[in-house]
Amino acid sequence: MAEALAHIREITDLGMIQIRADLTEAGAAITKAAAIPLPGPTSTTTNGSRRLCWMSPDELLLVLPQAELAAALAELTTALAGQHVLVLDVSDMRAAFAIEGGRADQVLAKLSPTDLAAMPADGMRRSRAAQVACGFWRQEGGFVLIGFRSVADYLRGLLDNAARAGTGLDPR
Amino acid sequence: MLTLTCPCCGIRAEETELAPGGEAHLKRFGPGASDEDFESYLFARKNPKGVHFERWRHAYGCGKWFLAARCTATLEVFGTYKAQNPHPTPEIVAAIRAKRPDWTPDWTETSPAESLTE
């Protein structure tokens, strides 16, 4: 019996804060309030349990444990008060899956038109998984994939199917 | 397959990650414009065989609109540039001229100060 390509695990305790702002203006304040450096385009930065993802030229996503969410949200809101920004708790908007295993990249390669070999270790890629939008970044031992909660069941099915034993992409 | 580089995030996006937006650089005439001008804004499209400028949106990525220059006959991509440009940038024009020496821009270049980049 062949082994599954990767282990798929839903992450349920992930807190997410969406930050929309002019990053050149508000960047310094965000860095200070969230205690994490600003990522460059299509990359992420980490500080301990926190991760800051670059989503678009005017959008960041702060990923952190649920326990730290309320404090971080308050701190960011205070730090950015008076500026034209949005700081929003979007933890319930998205579902997150960990794709862990030696061939986790093959699972994603089946679902997304991304050149994973060219994706750096600190890369953040927004793309699609089959028919739905998703985003993913590398984490020790594989990837974390986020997608909308409304399609979480679909994503789960996709990932489980793509990781099925005996469906590896390596030449036989 | 069409692969365009999004000028906003730098990702080489494949066609299925993008949403098409039709012809680029359409000019909408303001209040008091003639019916003919408004009709041409709504309906008249160039539909050329050859060099064409198009709007695309990086729908499954950063979500930004951008503009692309490509050839409708060969699907060759000459380059992409930000949607804030009122006309294709000089780099794009140079890239097209390098491949299509007989092609000439059909717009009149205004001062670079008109560019709304950033």
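I'll start with a salt bridge in chain B: B:Lys46 pairs with B:Asp106, and their closest N and O atoms are 3.4 Å apart. This pair links distant parts of the chain, 60 residues apart. B:Lys46 sits in the loop between α1 (35-42) and β4 (51-57), and B:Asp106 in the segment after α2 of chain B. Both B:Lys46 and B:Asp106 are exposed. Keep in mind throughout that this is a predicted model.

Staying with charges, a network comes next. Salt bridges with shared partners join A:Arg20, A:Asp58, A:Glu59 and B:Lys64. Over all chains, the search finds 11 salt bridges.

Two others are in chain A. A:Glu68 bridges to A:Arg50, with the closest N and O atoms at 3.1 Å. A:Glu68 belongs to helix α2 (residues 66-79) and A:Arg50 to strand β4, so the pair ties together parts that are 18 residues apart in sequence. A:Arg50 is buried, at 15% relative accessible area, while A:Glu68 is partly exposed at 26%.

The other joins A:Asp160 to A:Arg156, again with closest N and O atoms 3.1 Å apart. These two are 4 residues apart in helix α4 (residues 152-162), which means a separation of about one helical turn. A:Asp160 is partly exposed at 35%, and A:Arg156 is partly exposed at 28%.

Now a charged residue without a partner. What is the nearest side chain of opposite charge to A:Arg128, which is buried yet has no salt bridge? That is B:Glu14, 4.0 Å away. A:Arg128 lies in strand β8 (residues 124-129) of chain A. A polar atom of the A:Arg128 side chain does lie 2.8 Å from the backbone oxygen of A:Ala130. Leaving aside residues up to four places away in sequence, A:Arg128 touches A:Leu111, A:Ser112, A:Pro113, A:Ala133 and A:Cys134, along with B:Glu14, B:Thr16 and B:Tyr60.

B:Asn85 is in the loop between β6 (77-82) and α2 (90-99), and is buried at 10% relative accessible area. The B:Asn85 side chain reaches the backbone oxygen of B:Lys82 at 2.8 Å.

The structure holds 1 cavity of 30 Å³ or more, and the largest cavity contains about 60 Å³. Its lining includes A:Thr42, A:Trp54, A:Met55, A:Met124 and A:Arg126 from chain A. From chain B come B:Cys9, B:Ile11, B:His58, B:Gly61 and B:Cys62. Strands β4 (50-56) and β8 of chain A each supply at least two of the lining residues.

How values were computed. Residues numbered from 1 in each chain as written. Chains lettered and ligands numbered in written order. Predicted model: local features only at pLDDT ≥ 70, side-chain atom pairs only at ≥ 80, totals over all residues. Heavy atoms only, no water. Buried < 20%, exposed > 50% of the residue type's maximum accessible area, 1.4 Å probe, protein only. Lys, Arg positive; Asp, Glu negative; His and termini not counted. Polar contact = N/O pair within 3.5 Å; in protein donor to acceptor, adjacent residues only side chain to side chain. Contact = heavy atoms within 4.5 Å. 1 Å grid on protein atoms, 1.4 Å probe; cavity = no way out; pocket = protein on both sides within 12 Å on 5 of 7 lines; lining within 4 Å. Points joined across faces, edges and corners; volume = space filled by probe spheres on them.
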